[in-house]
Amino acid sequence: MGVSGSGKTTLGQALATRTGWPFLDGDDFHTPEARAKMAAGLGLSDGDRQPWLERLRAELLARPEVILACSSLRYSYRDVLRVPNTRFVFLDVPQSLLLERLQRRGNHYAHADLLPSQLQTLEPPDRGEADVLTLHVTAQDSSADLTQLTLSALGIADAR
């Protein structure tokens with residue numbers, strides 16, 4: 001979980017490869033209307049996100065083991081996704097690094113102009129969310145390092 005450009009998809013795909021679990025990208029579950037809104041640089045409202053969160057919840061309930069990359073910006077959104085045995089990994093990335101990544105990103109509807117609304121919406125996990133692992137990401141962190149750290153911290157076996 002995290003804002004646009006935090007590395008959710010990259011980490012999720014790497015975790016899926018290492019665990020053998022299926023990977024789902026939450027971006028694939030947005031409606032065309034929501035994608036168009038974000039492509040125009042407009043943040044989504046809670047109402048825009050609710051059907052999307054319900055679709056993602058259904059996906060989580062349908063699979064005992066799955067890796068889902070999803071922004072989960074608010075506590076209430078994470079609550080919708082809290083099905084049995086769900087754990088979250090929050091990618092906490094400095095704003096300057098997020099902006100750099102988003103400016104380099106090509107064919108994606110979530111551009112750098114969406115970042116301010118994402119940061120405004122973000123409710124970072126607090127100590128009451130014991131099911132959330134926070135990774136403080138720097139430019140020096142490799143995908144392999146973050147993947148190994150995540151697997152170790154969550155006690156997930158590496159299927160490779």
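How much space lies in the largest pocket?

## Model basis

The model is predicted: local features need pLDDT of at least 70 and side-chain atom pairs pLDDT 80 or more, while totals for chains, interfaces and linings use all residues. Residues are numbered from 1 along each chain as its sequence is written, and side-chain values use heavy atoms, without hydrogens and water.

## Largest pocket

The largest pocket holds about 650 Å³ of space. A pocket is an open set of points on a 1 Å grid where a 1.4 Å probe fits, with protein on both sides within 12 Å along at least five of seven lines; the volume is that filled by probe spheres set on the points.

Its lining (residues with an atom within 4 Å of a point) comprises 31 residues, with V66, I67, L68, T86 and R87 nearest the centre of the pocket. Two or more lining residues come from each of α1 (8-19), α3 (46-62), β2 (67-69), β3 (88-92) and α7 (143-154). α1 gives the most, five residues.

## Packing of α1 and α7

The axes of α1 and α7 (lines fitted to C-alpha atoms over the stretch in contact) lie 9 Å apart at an angle of about 60 degrees.

Notes: Helix = DSSP H or I, 4+ residues; strand = E, 2+ residues; numbered from the N terminus. Axes fitted to C-alpha atoms, helices over the stretch in contact; angles between N-to-C directions.
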